[in-house]
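User: I am new to reading protein models. Can we go through one together, feature by feature?

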Amino acid sequence: MTGLIQSGFDTFAAMIPLQPPAASTTAEGIDHLYQVLSGITAFFTVLIFSIIFVFMIKYRRRSDAQKSAATHTPLIVELTWTIIPSLICAVLFVWSAALYVQNGRPPASSTEVFVIGKQWMWHLQHTEGPREINELHVPVGVPIKLTMTSQDVIHDFYIPAFRVKKDVLPGRFTSLWFQPTEVGTYHLFCAQYCGTNHSEMIGWIYVMTPTDYAAWLAGGEKTESLAQQGERLFTQFGCNSCHTGEEGAKAPALAGLYGKPQRMANGETRVVDESLIQQAIYVPSSVHLPNYQAIMPTYQGQIDSDQMTKLVAYVKSISSEERNGK
Amino acid sequence: MAAHGAHPPGFAHQFETVEQQREAGTLGMWTFLVTEILFFGGMFTSYIIYRSLHLHSFIQGSHELIVRYGATNTAVLIFSSLTMALAIRTAQTGKSKGQIIFWLLLTMILGATFIAIKLRFEWYRDYVEGLIPGVSWLDGGTHTPGVKMFMCFYFFMTGLHALHMVVGLGILTVLVIMTARNRFSAEYYAPLEISGLYWHFVDIVWIFLFPLLYLIGGRYPGS
Amino acid sequence: MSTATADLHEAPAESGVNYLNASYGIRSWLLTFDHKRIGLLYLASITVMFLVGGVAAVLMRIHLIEPQGALFEPETYNKLFSTHGIIMVFFFLVPSIPATLGNFLIPLMIGARDVAFPKLNLMSWYIFITGAALALYATISGGVDTGWTFYPPYSSHYSATNVTIVALGVFVAGFSSILTGLNFIVTIHKMRAPGMTWFRLPLFIWAMYATSLIFVLGTPVIAITLFLLGLERILHVGIFDPAVGGDPLLFQHLFWFYSHPAVYIMILPGMGVVSELVTAFSRKKIFGYSFVAFSSLSIAVISFIVWGHHMFVTGQSIYAGLVFSVLSFLVAIPSAVKVFNWTATLYRGSISYEAPMLYALGFIGLFTIGGLTGLFLASLATDVHLNGTYFIVAHFHYVMVGGAVMAYLGGIHFWWPKISGRMYPDLWARIAAAIIFLGFNLTFFPQFMLGYLGMPRRYAVYPAEFQVLNVLSSAGASILGIGYVIPLVYLIWSMRYGPVAGPNPWKAKGLEWTIPSPPPTENFEEIPIVTEDAYNYPVADAHSYPDAPEVARV
Amino acid sequence: MSEHSEQSGHVGHVVPIGVYVTVFLLLMFGTALTTWVAYIDLGRWNTVAALTIAVCKMLLVVLFFMHVKYATGLTRIVILAGFFWLGIMITLSCSDELTRHWEIVPQGWQMILPFVSRVF
């Protein structure tokens, strides 16, 4: 009988998962912090509950005439419970901020994947060419950097098993990176409410061994790389007629721009990143370089976010070619 | 508590003294003006951020506005603040109701002038020239997307301000009627004073809107 | 307490005319300037809103029993959680304690005949009703599906529901908050009875003052933000639209500039109520009066500088993230100070356990959990994982339902004899309090676990592995729902059949307990003169104290 | 009486007409000045000049027309609170909007980060 209850209890307990799979390099650090925070929460909750419980019994009113005892408020007590929480908070801040900043920096060697969110699906585009919908195949042990934008509303790319999450915004690029450590299949969720079928904007991340991944890549149909597709668009939209890359052209040469600080006409200095490239195409007047006339027309409404990622990939590729060339 | 003998008209039962009522009224109006600071503040914050993000367009946009009307309106509004202050002073010093009404009406005329100039020489012209986003907007030429954003701010901010002017004119109308009915005296003129605070506040908003929308960034050739 | 007329309360009490029977008829209520009646008008209207929001919550929890959704299409589910959020936040929690207990009690507690601007007070109720009617109309005529946060560009360009009407409703109701806050600030500054210095004020007044500051300083910003959102929807031009170079995150900044402090609009009055309850039922002066008072003010101020922690994963600048994270941790400190001081107040008290005290103790426990789980979200690294999941849902329900609603119910029970002149059945009240406490924990604790496992919020359907925890949560919600209905029944019953309470059934301190129950329309026959501190309960000398070791030796 | 007198101060201070007229003339002068300055090329200082003049004009209106010069401390605190909170809103919103394009991690952090995360 007891055995039956025991086994019933075990089954029930097994039905309640307590921890999500931890399958990336970031997961361990975050789980560690999470456990410490849980410990602090449990400690203070138990502390407060038990003090209240003890006082409730010890100082219960035994007759209506019973009066309370006079207590004074020693300053040292107040200071103690002001300073101790402050110190705990200070430690937590430094720890979590350091972890956050570190988790926010993709390694230079990351493989890049472009992500476009739209109501209600994820488009994922490998730089080698293959595209996927609501699925992402990645090799284990390789840092992956996602460069993400949205075609309509705000979405959020969330992989619980990797403990990574970032909003995917229309009109600019955000990025996210992870390095999977375990082969397996993991949930992909949209974690920012995005309309009717928000809860169906989900998918799977397939983490594969490098050999499996290579086989997967080879198995797909052959396509041009993203940058090559972008180069064709660059010609198709006539960008190359002004951005000739030559000295004295009507527009600045784009090779070598990406990733470097650039001085704007208004005196501000900005690093050329994906968002800035997109902004320059959609709202050219806001990205005005000195020594050039503000003559570029807007391409708002003519270039969709799919084409945009290709153009961005192209501009980035000519920057890295230049860097490698030197 | 002292027994309260004859109280002036307008004394409310929940107060103990006239003094207390007057202080409460003033504090209430100042508190309200603080909410107004933050109400307009939301717009000012957005404006500051967008201006620094789209500096070029915002300077371009401000060149679509005509400085002389803005400056004239600033002067008109400052003058109306003076007449409002004088209306209150007239009541404070126990002058005749005719004099109070004179200053109030003059304030109203100036306020109406402000709105008239705004409507006839600025908004109407913008309408004709296709400068009002969402209502009459003509693309092309200097009317770039950035300028459109600037004009959005221009209309939201001046529109809200004009709305406050209209409310102010309504309040002034009530004050004129109350004055005509002998409700105020040298002892009791709190409604005048409190409404004055509101009127001056609306003036201050414009004192900031004028440079922010028309002037900063410069109007010199090549700016 | 504290007054020349102290302890006279036995005499004049049941003489007859009070604010409830001073005049009759629907007109006498709808045109009243009496702060007590206006408080009751608010009580009735927010109870209706609470029921509407509660029904939405129950339907959601039933739906979520099945991973594929038991009842609705996703579209309907989205409208339900949006309705639940909008109604509960803007039309129940924000006005809950301030507009009901605040209106009823502030003049009584500071010794005034009314608030400073009674007409404005009535007007703010009508404004609130207008806003609530707009929100209800929008809900009935098709609903709204943006969530209570109204994030553009979904709300401005993509949602095809009644966003504009609801935004207008919230905008209008905002002015009700502003006017209420303004009224309270002026009342507390200018209407205090002679001798009622700032440091003799009950802590409820300090809390209401801090709340009013947030009303006045925060609400205008949400008003202008929703106004801009409405313009963007109607005119299709606007400043949040990324398609024309706008920034949707700017909306989030302006929205949370109000909506984060709004959380403290909900919890600060609750903290004020709990300070009153803990002292009254342990018959003891509050431990660290000035620390509790100033922690209210510092929470109000700090609440305005932490909003960016809602935006750690939204693409906000990493520097802003760091600044907002460190500022967010600051809120923990005054909150901790309050919890410790309440607990210390119990020490060597004379504690009894009537229903209001059970709510207060429940509040302290649940707020502790709610507050501590906030640390997970102020910590940048863990927030990345937990943001947008059920962890958030659990956290803010622990603070707003476990905190604010527990305190609200505790306050209603505590002052019910003053409001109605009648006692409710205490046994039922205690049972209800226990049911609510258990039901609440069963509902929301599993949601912490769900959040850590990674279940995103606002999901109409969800992966099957989350089902067990969701079923537990739904089971808890049904218990919680029953818990909320019980007080509704016996409180209404008690208005007619409850035993007469007398002026001070709890033998509590405070000016409101020195006058008859229900109070006369003018509150005080003579404005009292205050001569002593708040919570000046009689103290036993050490020897008469039963538990003290000295006694044993004697 | 008690608390009410905490900020009694003047009941309705009567400001001499001369003061009003002087303030009015100063405001008019400020308007003319700010307009004139806008047509001179000062670079960035155009913005600074325009806003400085606007703040001065605001102070004149607040202090004299709105009687704050003669008002109680409480009134001044209320006004300052309004501007302080406006300052909070502007500063912290800008802390995000205007720093998004900065480099991801400044030099100093790169050095301490590994150290900090090793400690924990």
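User: Let me start with a strand pair. Which residue stands opposite A:Phe189 in β10(A)?

Analyst: First, a caution: this is a predicted model. Now the general idea. In a regular strand the side chains alternate between the two faces of the sheet. To read a pair of strands, find the residues that face each other across it. Here A:Tyr158 stands opposite A:Phe189 in β10(A). The two strands concerned are β7 (residues 155–159) and β10 (residues 184–190) of chain A; they run antiparallel and are joined by two bridges.

User: What other strand is joined to β10(A), and by how many bridges?

Analyst: Strand β11(A) is joined to β10(A) by five bridges, and these strands run antiparallel. Look at A:His187: it stands opposite A:Trp204 in β11(A). As for cover, five of the seven residues of β10(A) are buried, so the strand is mostly covered.

User: And what does β7(A) do with β8(A)?

Analyst: Five bridges join β7(A) to β8(A), again in the antiparallel sense. A:His155 stands opposite A:Val168 in β8(A). The two strands form a hairpin with four residues between them, and there A:Arg163 takes a positive phi near 60°.

User: Why is strand β8 of chain A called largely enclosed?

Analyst: Count its buried residues. Five of the five residues in β8 (residues 164–168) of chain A are buried, so the rest of the structure largely encloses the strand.

User: Now a single residue. Why does A:Ile205 count as buried?

Analyst: Count the neighbours. The cut-off is 20 or more other C-beta atoms within 10 Å. A:Ile205 counts as buried because 22 C-beta neighbours lie inside 10 Å. Its place is in strand β11 (residues 203–208) of chain A.

User: Which residues is A:Ile205 in contact with, leaving aside its neighbours within four places in sequence?

Analyst: A:Ile205 touches A:Leu136, A:Val138, A:Ile159, A:Tyr186 and A:Leu188, once those neighbours are left aside. From A:Ile205 to A:Gln125 is 80 residues in sequence, and 13 Å in space from C-alpha to C-alpha.

User: Next, whole chains. What does chain A contain, and is it compact or spread out?

Analyst: Chain A has eight helices and 13 strands. Its radius of gyration is 28 Å, well over the 20 Å that the globule rule gives for 326 residues, so chain A is more spread out than a compact globule. Its C-alpha trace spans about 95 × 60 × 40 Å along the principal axes. Of its 326 residues, 39% are buried.

User: What are the figures for chain C?

Analyst: Chain C has 17 helices and one strand. Its radius of gyration is 23 Å, close to the 24 Å from the globule rule for 554 residues, so chain C is as compact as a globular protein of that length. The C-alpha trace of chain C spans about 75 × 60 × 45 Å along its principal axes. Buried residues make up 70% of the 554.

User: Last, the contacts between chains. How many residues does each side give where chain C meets chain A?

Analyst: Chain C gives 81 residues and chain A gives 77. On the chain C side, helix α11 (residues 318–346) gives the most, with 13 residues. That side has 51 nonpolar, 23 polar and seven charged residues. Strands take part too: β1 (residues 68–69) of chain A and β1 (residues 539–540) of chain C pair in the parallel sense over two bridges. There, A:Ala69 has C:Ala540 as its bridge partner.

User: How many residues of chain A are in contact with chain B?

Analyst: Eight residues of chain A are in contact with eight of chain B. The chain A side has three nonpolar, five polar and no charged residues.

Technical notes:
Residues are numbered from 1 along each chain as its sequence is written. Chains are lettered from A and ligands numbered from 1 in the order in which they are written. Two residues are in contact if their C-beta atoms, placed from the backbone, lie within 7 Å. Ala, Val, Leu, Ile, Met, Phe, Trp, Tyr, Cys and Pro count as nonpolar, Asp, Glu, Lys and Arg as charged, and the others, Gly among them, as polar. Two strands pair if DSSP finds at least two bridges between them. A residue is buried if 20 or more other C-beta atoms lie within 10 Å of its own, exposed if 12 or fewer, and partly exposed in between; C-beta atoms are placed from the backbone. The radius of gyration is taken over C-alpha atoms; the globule rule is 2.2 Å times the number of residues to the power 0.38.
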